[in-house]
Amino acid sequence: MKLAPLVRKILLVDLIKGLKVTFHYQPPSEAITEQYPLERPVIFERFRGQPRLNSNPDTGESLCIVCNLCALACPEQLIVVKGERNPATKRKEVVSWTYDVSRCMFCGLCEEACSTDALELTQDYEMALYSREGMVLDQAALERGPEPVKYAK
Amino acid sequence: MPEETKGTDPVSPEPSSPAGAPVASGEGAGSGAKASAETSPSSAAPTVPPTSVPAAKAEVPSAAKTAEPAAAAPAADKPATPAKPAVPATGEKPTAPAAAKPAAAKPVPKPEGPKPEPWEAELVTRLRSQYGSGVKEASTYLGQKYLVVDSSIVYEILLRMRQDEMFDYCVDITAVHYPKREAQFDIVYILYSFHHNQRVRVKTQIKDGERLRTVVGIWETANWLEREVFDMFGIEFDGHPDLKRILLPDGWKGYPLRKDYPILQQDQEWVHINLGIESGQ
Amino acid sequence: MSERTDYLDLDTKDETFLDATELVLNMGPQHPSTHGVLRVILKLDGEKVLGTECVIGYLHRGVEKIAENRTYAMFNPYVDRMDYVAAVSNGLGYCEAVEKLLSVEAPPRAQYIRVILTELCRIASHQVWLGTHALDIGAITPLFYCFRDREEVLKIFEKYCGARLTTHAFRIGGCIYEAYEGFEQDCKKFCDAFLPKLDEYEELLTTNRIWVERTKGVGILNPEDCIALGVTGPVLRASGVKWDLRKAQPYESYKDFDFMIPTGLHGDTYDRYLVRIEEMRQAARIIRQAVDGLPQGPIMAMVPKVIKPPVGEVYHSIEAPKGELGYFIVSDASTQPYRIRVRPPSFVNLQALDKMVRGLLVADVVAVIGTLDIVLGEVDR
Amino acid sequence: MTEITTMHYLVVAAALFIIGTIGVLTRRNVVIILMSIELILNAVNLNLVAFSRLWGLHGQVFAIFVITDAAAEAAVGLGIIIAFFRNKETVNVDEVDLLKW
Amino acid sequence: MTSVATPFFFYFLAITAIVSAIAVITRRNPVHAALSLIVTLLALAGFYLMLYAPFVAAVQIVLYAGGIMVLFLFVIMLVNLEQNIREYQFNKQWIVATIAALALGGLLAFVYRTGRGVFPSAFYQSYRGLEGDNTQQIGVWLYGQYMLPFEIASLLLLVAIVGAVVMAKKRI
Amino acid sequence: MIEYIKGYLSTGTTPGEAGNLFWATVYILLVIVGVSVAVLCMNWLERKILAHMQIRLGPMRVGPHGLLQPFADALKLLIKEDIIPHDADKLVFWSAPVVVTMTAFTTFLVVPFGRTHAVTDMNIGVLFMLGVSSLGVLGIIMAGWSSNSHYPLMGSLRSSAQMVSYEIAMGLAIVSAVLMTSLQTGTGTLSMIGIVEAQASQHTWFIFKFFPLGFLAFAVFAIAMVAETNRAPFDLPEAESELVAGFHTEYSGFRWSLFFLAEYSAMLAVSSIAVTLWLGGWMRPFPTWLGGSTWNMAFSFLPALTFFVLAAMCFLGTIRMPKIPQFRIQTIGLGTFGALLGFVGLVLLVPAVSVRVQDIYWFVVKVAFFMYLYIWYRGTFPRYRFDQLMKVGWKVLLPTGLGVLIATALWGLMPQLSAAITGVLQ
């Protein structure tokens with residue numbers, strides 16, 4: 001009864017079992033490394049990344065109606081929207097729109113709060129910059145959408 | 001960080017929020033379409049779960065006016081809600097949201113939420129028979145039981161809970177600060193009994209500077225929990241083996257979770273002294 | 001002798017050095033195996049630990065203070081940052097606590113989705129634990145296997161709610177995201193693929209004599225100590241107390257599922273290891289049941305857009321991967337919580353470290369810290 | 001250069017012996033005294049091995065015995081030092097003047 | 001070649017040995033002293049090699065440098081000697097002691113000088129042939145003629161081990 | 001000159017034996033260069049193999065498949081700032097890595113890569129290796145002590161205790177192998193070349209001698225040598241989860257790389273001892289079973305074949321490289337490397353070279369097997385605790401080693417014993 005475990009212990013069965021596992025993982029086809037700049041991770045549809053301000057594709061007008069809901073929803077209060085009423089159209093128009101990506105935690109509350117689909121968190125994740133200043137996006141930058149920085153020499 | 005709320009003077013959320021509209025939105029684009037169809041914002045009624053309080057949603061904004069303890073507290077860092085007239089505080093009750101009395105004495109008799117109900121149990125009668133009026137209140141709120149006891153007998157009550165009533169697991173010890181009240185602090189002991197599978201909160205109220213007896217001798221776990229209460233509220237516990245700051249640096253001034261704690265200045269001062277730089281904020 | 005006083009003046013001796021063989025070793029805050037920025041001051045006799053003192057707070061962000069300045073919905077993303085390897089569980093606990101305060105209950109479909117994600121998150125959290133724990137004990141390879149499989153969980157998270165780590169998956173009143181196309185299949189596929197992998201981890205570790213020697217009888221906590229120290233979660237269960245909030249006070253739809261609570265016998269590191277491994281199996285079982293029984297219907301209860309719970313206070317706790325995660329919320333009927341207290345399992349469990357490591361060796365301290373499965377984001381908040 | 005003879009080795013050994021003696025007699029640190037004793041033993045060893053070059057292998061055998069002895073001496077001596085240090089927190093030989101503590 | 005190499009190595013090793021031996025007794029820091037002693041021991045091992053005693057040289061390295069000196073270093077690190085370094089290193093009678101030791105040296109010099117004729121100036125050639133099986137020869141001697149001393153030495157080692165363990169252990 | 005080289009090559013002795021200083025120097029240089037190159041290769045191989053065991057790719061960026069990574073690292077370490085802690089004992093701190101490296105390299109003096117491919121053949125070769133490698137402990141103690149910091153000190157204390165105690169088990173295993181050399185001739189030898197020749201004359205590797213005694217002795221040695229070189233699962237002195245980096249925590253740059261070099265050359269050295277003592281040294285497998293000129297011929301092609309296989313793997317790699325312009329240089333580099341390997345293979349086909357290289361080839365293959373084991377262990381096992389490590393050393397390996405030694409001696413004396421017993425009985 002007690003012989004079997006003893007024999008197994010002397011024959012190092014437990015160790016060999018472990019060695020087998022590591023040995024059979026050796027073929028490079030098992031490797032899961034992503035060679036990042038060449039292979040890119042699959043980004044799923046609901047990913048929350050770099051923000052973008054959408055505009056009406058037909059007219060080119062911003063979809064933002066300056067309702068300020070996003071700014072109110074933001075836990076970090078990093079969205080500042082200033083607008084004033086255009087007497088001609090009787091609509092509020094954007095005067096300044098800034099979004100501080102450096103403080104953003106991509107919770108998506110602003111996107112949920114937006115009533116016109118104007119603010120969208122895109123699937124872009126390459127947001128590294130050389131300076132902190134570039135992290136505060138204004139309306140133009142937000143409407144242009146993400147511009148991945150090229151790290152070429 | 002909290003201090004930013006002061007700096008940017010945020011607008012109160014109330015005016016812009018359509019009252020009673022439930023939060024229900026899909027992803028917007030694409031995959032959330034099914035969801036938004038099912039719980040569209042306009043059709044609210046069909047999806048009310050049975051437990052939700054009828055008409056509560058419509059009343060929430062106005063009901064909130066009745067108890068706004070911090071509205072009059074200038075030092076609190078919350079965004080003030082300008083639209084709300086603070087109800088004249090009658091005695092100490094509005095500032096004690098947990099207490100049962102305010103609910104009864106409240107001038108607005110709206111069904112704005114469940115009310116604490118008296119908790120009838122043998123345990124309570126036993127305790128009442130021994131400590132009389134020391135057990136100020138025994139109620140349940142949302143099915144959760146709690147006792148409010150006098151600060152002078154809290155140690156005995158806790159000891160009894162541990163030894164006779166088998167509340168062998170002290171879940172948490174924490175405090176709540178009500179700067180407007182005379183007894184500024186609520187100390188909350190959350191207890192659990194493996195035997196009864198029951199939770200009870202034991203609460204007591206103490207003044208600023210008043211000291212409580214430590215319960216480390218009853219539950220070892222109280223050690224760090226009491227240290228944290230001391231660290232955050234400055235409430236000292238007599239007989240604690242090692243009462244010093246736990247989360248904040250040893251040289252920290254002030255007690256951050258007090259409502260009258262000025263965050264920004266403290267931070268800048270500490271950073272300036274200890275790190276020799278101006279605050280990054 | 002008269003000479004002795006001379007060097008006493010020169011040498012400002014530490015009190016702790018009075019015994020010549022006693023050594024004070026400062027482990028951390030930047031030490032490879034303190035799982036973050038924990039600093040443990042070890043008092044040693046050679047390699048034997050005489051006592052420890054934990055210095056924490058390096059990661060303190062004042063979450064409770066932040067909560068007092070945010071609305072209920074706004075605070076939701078912050079709780080993810082406490083126990084960042086089990087963000088979903090944190091969110092679940094918070095949402096449930098606020099729902100309780102509002103007297104709202106999430107619809108059944110939302111509850112099922114929540115259970116699926118929380119159990120996935122339990123698997124992910126335990127995998128991080130297993131990987132780092134094995135790494136602490138010197139086995140470097142399980143870490144990579146664990147992270148490979150955790151990646152699948154994170155992919156499901158990302159597909160479901162758009163974020164991998166700090167998910168912000170749930171909202172007060174239910175879930176905001178409907179299960180995506182193929183959610184059920186993904187979860188099932190994960191369970192099918194994951195269980196054989198789990199057996200592989202076990203082949204690497206469970207019977208390995210070095211692993212057994214390193215973990216058996218190390219860091220023993222008996223049930224009485226566990227309860228006195230308020231230790232919860234797998235650590236408590238490994239000492240033989242069959243207590244799991246999912247069974248003891250079922251929340252969400254846990255009462256619908258059939259699962260076991262694994263318990264240990266000795267309360268040592270090896271038992272904790274086995275308990276957590278078995279918990280992963282049970283979690284996979286729950287996920288399978290939940291996916292099979294996923295009901296149709298709404299995923300969001302009726303909650304007002306602006307959440308203003310009535311005056312009152314509530315304590316609600318769930319069984320997070322690391323133990324009892326409780327939220328004590330005091331409401332003053334404003335949009336912002338008057339006070340939120342988080343009862344973090346890691347913080348309370350960490351207190352048991354001193355009791356567990358006394359009399360052991362330095363190497364065991366590392367093993368014990370690993371087996372407690374602490375996350376400093378949660379300890380310090 | 002002259003031929004190296006046995007005498008050369010003996011002189012070196014004598015020098016080492018005297019250095020060792022000085023160390024034993026003058027130092028206060030017991031550990032260093034022990035090391036000086038090792039020096040003396042080694043000087044002896046050098047003599048033995050040098051003579052074995054002349055008169056057969058007995059010298060080398062003796063040298064090995066001496067090394068054995070040195071090992072034993074070091075083990076016991078250092079054990080005493082540790083025991084003493086644990087009680088008196090010093091290793092100075094002129095404070096080791098009690099046979100009990 | 002040998003006529004140059006042998007004196008060169010001899011003087012090199014001799015100077016190394018003596019200088020580091022002086023360092024052993026003069027260094028303040030015991031660790032430095034121990035390291036110097038190791039240098040001396042290695043130089044002596046070199047001497048043994050030159051004297052065609054490779055086995056003794058190997059034993060010298062393995063046991064002395066690798067074993068005993070490691071033990072010494074261990075103990076030095078174990079007993080916290082920080083404060084001792086700052087003290088005065090020599091005892092009060094150091095002048096007397098030095099003079100006595102040097103007198104002993106004079107005595108030795110006198111003996112060597114007078115007994116010079118006892119030692120033949122050149123090595124006997126007969127033992128040169130032994131160098132190949134030096135180890136084996138020593139083995140034969142040890143297990144043959146010196147059997148009893150060998151066993152006694154083993155006993156001594158055993159006693160030393162037990163004694164050291166008993167003494168160094170805190171509580172038995 | 002060529003005549004001279006030819007003449008020397010045909011002598012069939014080691015330069016040490018021949019007393020040839022020039023060739024000894026050449027061999028020493030060759031050994032140093034060879035060991036350094038082996039360490040570089042080992043560095044790359046360990047990363048790659050370990051990575052693949054851990055389902056990673058390992059270095060991929062510097063050079064094709066990270067082939068130039070060791071060089072890049074070496075360069076980085078060389079130009080890195082040299083830091084000596086302020087409170088360190090400067091001289092000792094400075095000399096510790098030198099001591100460690102020197103002892104690690106010195107052991108290779110007596111390693112026989114072939115019958116004639118050794119710097120010298122000492123009659124106490126095994127003892128010499130043991131002794132010199134035991135000096136490495138001193139360097140580690142010096143490093144740990146002079147850093148004046150707790151972690152290095154604890155690391156060095158652990159390390160030295162470990163090395164000193166495993167040396168005993170190691171010595172016992174070695175002695176039982178040395179005992180086996182004395183079986184036929186009656187006189188054993190400590191010379192490394194002598195030991196291999198004894199195996200040749202007894203027509204067996206000592207690992208199979210007196211089965212299972214030879215194997216047990218080998219097993220004891222194989223475990224002890226892992227502990228002796230502070231490798232997983234006995235890598236407590238540098239256990240990163242406990243002691244950060246053990247005795248070399250405070251070292252950086254070039255000094256650190258010396259420790260690295262020393263660690264890996266020590267691994268090579270103890271593997272060489274194992275190969276020499278138990279695996280027949282430079283002997284090719286089955287010299288008696290598969291003897292004869294045909295088999296000799298077949299085996300003589302193996303070195304070239306190995307290189308051809310490696311070259312083929314390189315070319316396969318170039319085909320599998322991503323077809324992206326950025327990767328052109330890498331592809332070309334890999335192709336060139338493959339071509340280089342193929343060329344070496346071709347050179348090895350030349351009979352004159354092939355014959356000389358046989359010994360070295362088999363020796364290197366055997367050592368490489370041990371190196372793979374080292375990596376494999378590291379990828380699989382958790383780490384022992386200190387008391388358990390001591391337990392394994394003193395309570396398992398030491399008694400086993402002693403038992404094997406006694407059993408080997410008795411078995412070796414079997415003929416005499418049986419003769420004596422029968423004599424008594426009669």
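Let's start at one residue: Pro114(B) touches Tyr141(B), Leu142(B), Ser103(C) and Pro310(C), leaving aside residues up to four places away in sequence. Contact here means heavy atoms within 4.5 Å.

A word on the ground rules. This is a predicted model, where local features need pLDDT of at least 70, side-chain atom pairs count only at pLDDT 80 or more, and totals for chains, interfaces and linings use all residues. Residues are numbered from 1 along each chain as its sequence is written, chains are lettered from A and ligands numbered from 1 in the order in which they are written, and side-chain values use heavy atoms, with hydrogens and water left out.

Back to the proline. Where does Pro114(B) sit? It is in the loop between α4 (101-105) and β1 (117-118) of chain B. Helices (H or I, at least four residues) and strands (E, at least two) are DSSP runs, numbered from the N terminus. Pro114(B) is partly exposed, at 26% relative accessibility. The scale is this: buried is under 20% relative accessible area, exposed is over 50%, and partly exposed is in between, with a 1.4 Å probe and protein chains only. Pro114(B) and Tyr141(B) are 27 residues apart in sequence, and their C-alpha atoms are 7.2 Å apart in space.

Now chain B as a whole. It has eight helices and eight strands. Of its 281 residues, 50% count as buried. Take contacts in chain B between residues at least 6 apart in sequence: 50% of them join residues at least 24 apart. The accessible surface of chain B is about 12,700 Å², and 56% of that belongs to carbon and sulfur atoms. These areas come from the Shrake-Rupley method with a 1.4 Å probe; for residues, only the protein chains shown count as cover.

Next, chain C. It has 16 helices and eight strands. Its C-alpha trace spans about 85 × 50 × 35 Å along the principal axes.

Inside chain C, 73% of the 381 residues are buried. Among its contacts between residues at least 6 apart in sequence, 70% join residues at least 24 apart. Chain C exposes about 9,800 Å², with 54% supplied by carbon and sulfur atoms. It carries 44 positive and 54 negative charges, and their mean positions are 4 Å apart. Lys and Arg count as positive, Asp and Glu as negative; His and the chain ends are not counted. Each charge is placed at NZ of Lys, CZ of Arg, CG of Asp or CD of Glu.

One helix of chain C to look at: α5, residues 108-137. Its 30 residues reach 43 Å from first C-alpha to last, close to the 44 Å expected at 1.5 Å a residue. The expected span is 1.5 Å times one less than the number of residues. In α5(C), 28 of the 30 residues are buried, so the helix is largely enclosed by the rest of the structure.

Staying with phi. Most residues other than glycine have a negative phi. Asp373(C) is not a glycine, yet its phi is positive, about 55 degrees. It lies in the loop between α15 (362-372) and α16 (376-380) of chain C. Is Asp373(C) buried or exposed? It is buried, at a relative accessible area of 5%. Over in chain F, Asn148(F) also has a positive phi, near 55 degrees. Its loop runs between α6 (125-146) and α7 (150-185) of chain F. Asn148(F) is partly exposed, at 48% relative accessibility.

Last stop, chain D. It has three helices and zero strands. Its radius of gyration is 17 Å, while a compact globule of 101 residues would be near 13 Å. Its C-alpha atoms fill a box of roughly 55 × 25 × 20 Å along the principal axes. Buried residues make up 69% of chain D. Its accessible surface is about 3,300 Å², 71% of it from carbon and sulfur atoms.

Helix α1 of chain D covers residues 6-26. Its end C-alpha atoms are 30 Å apart, in agreement with the 30 Å its 21 residues should span. In α1(D), 15 of the 21 residues are buried, so this helix too is largely enclosed by the rest of the structure.

Key:
Rg over C-alpha atoms; globule rule 2.2 N^0.38 Å.
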